[in-house]
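Please read them beside the structure.

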Amino acid sequence: KKQIPRDKCIDNTFTLLKEGYLFIQNRTERYSSDVFETRLLGKKAICISGKEAPKLFYNPILMKKKGALPKRIQKTLFGVNAIQTMDGRRHLHRKKLFMTIMNQEEQDRLSKITTEKWQEAISRWEGASRVVLYDEVNRILCQSVCEWAGVPLPASEVKCRAKDFSTMVNTFTAIGPEYWKGKKARKRTEKWIRGIIEATRSGKLRPGRNSALHQIAYYKDLDGKLLSTQMAAVELINVLRPVVAISTFITFTAVALYEHREYIKILRSSDENMREMFVQEVRRYYPFTPFLGAITRKNFMWKGYNFKKGTLVILDVYGINHDARIWENPYKFRPERFSEKREHLFDFIPQGGGDPSKGHRCPGEGITIELMKLSVDFLVNKLEFKIPEQELRYSLIKIPSLPKSGFIMRKIKTRTSM
Ligand code: HEM
């Protein structure tokens, strides 16, 4: 039995917020170990990284979610007691709901709606002196996902609803007034969506049978009961909010095209495969999900270390996407590394690992990749624009990260020459 390297401290929560995405990597390097112990939010925590770590983290016999997600994060990002906190049979049953909502046909329907909304936005942008891509894509995705999900959204509300979705995502690690903004945004959104669930159940709204709204409003839990209005609202928001959050990856896609201009030409003259390789590399290279947490179900040994039942385990998502033992030259942006198309159950985990239908891996990866590919097509094939001087840098400290300027574009025109 080996001793797990211990990071000496009373509590490292503030240090984590100071070091951001690199918190775990800094220490695995310091201790030359993929495992170390620290204290976070007043509890002992074991951080794990490296190639083998996702397999342990996604082993349902050894790990559970109950108790892993701080209430602070539930009150902004995910909603209280949502699917992210469930385990076992109840989780699998709930997960089926999400997998059904996001089946291939529904993915295609969302892509089609999103293409139309992009097209409409372009005609607005053509007259504008400048456009902030992040804000615009937020609104495009908010309109698209609401239409797709069957949620009515009057044009006059698009701006503030889109802002509330992005605030929930952007404030979950904040403290003080910024954090309260996140809580308020969630409260407002939950109230709105509870009203929509009630209107559906009373027959005032009649969304399509396959829509997320219909599926969630009439979903029955394992015990055969409908979800409470509040719980149904939380889970519907768990479909709407993350689609709007793809705007972060789309903004990073625009930054990647700016930082690696040679790919604009390549993407123009190649097929969909190249677009897919490009967006995969954006999901690996740029920071979004930092870490994930779970709790050990029992005592066990891993790599010669003793893990005690009930311990918080933190998985180093960002570090694993930048681990030189998994990725050659990990800090080089190189879409070609994805030329071999294969399943990435445990070695590429920007949206979690394992099989999404059996564990907690994100059910929205297909949608994310499709909507990112669609955006690449607009940015390289359908638009012409100038990129003025601006602060495009992004922080590895602030979680979640985003390029500071949000990617400003000027003199936007529809691209005619092919
Ligand atoms: C879970 C990331 C887009 C819905 C997750 C997890 C991550 C993640 C890291 C947690 C995995 C775990 O706990 O093991 C992302 C990122 C996205 C994205 C970075 C890009 C913006 C989406 C989309 C949807 C979605 C588009 C829905 C349409 C969900 C749901 C869960 C989840 C419902 C909970 C799954 C469960 O606990 O079983 N996502 N996601 N996500 N994601 Fe995503």
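1. On a 1 Å grid over the protein atoms alone, a cavity is a set of points where a 1.4 Å probe fits but cannot get out, whereas a pocket is an open set with protein on both sides within 12 Å along at least five of seven lines; lining residues have an atom within 4 Å of a point. Grid points are joined across faces, edges and corners, and a volume is the space filled by probe spheres set on the points. By this rule there is 1 cavity of 30 Å³ or more.

2. On provenance: this is a predicted model, in which local features need pLDDT of at least 70 and side-chain atom pairs count only at pLDDT 80 or more, while totals for chains, interfaces and linings use all residues. Residues are numbered from 1 along each chain as its sequence is written, and side-chain values use heavy atoms, with hydrogens and water left out.

3. The largest cavity has a volume of about 50 Å³. Two or more residues of its lining come from each of helix H13 (272-285) and helix H14 (317-320); helices (H or I, at least four residues) are DSSP runs, numbered from the N terminus. The lining includes Phe249, Arg283, Arg284 and Tyr318. By class it holds 6 nonpolar, 2 polar and 2 charged residues, where Ala, Val, Leu, Ile, Met, Phe, Trp, Tyr, Cys and Pro count as nonpolar, Asp, Glu, Lys and Arg as charged, and the others, Gly among them, as polar.

4. The ligand is surrounded by 26 residues, each with a heavy atom within 4 Å of the ligand. Closest are Tyr58, His91, Lys95, His360 and Cys362. The shell divides into 14 nonpolar, 10 polar and 2 charged residues.

5. Which side chains make polar contacts (N or O atom pairs within 3.5 Å) with the ligand? Among them, Tyr58 has a polar side-chain atom 2.5 Å from a ligand oxygen atom, and an N or O atom in the side chain of His91 is 2.7 Å from an oxygen atom of the ligand.

6. Of its 32 lining residues, Lys163, Asn170, Glu178, Lys398 and Leu402 lie nearest its centre. H8 provides the largest share of this lining, 7 residues. The classes are 12 nonpolar, 10 polar and 10 charged.

Notes: Polar contact = N/O pair within 3.5 Å; in protein donor to acceptor, adjacent residues only side chain to side chain.
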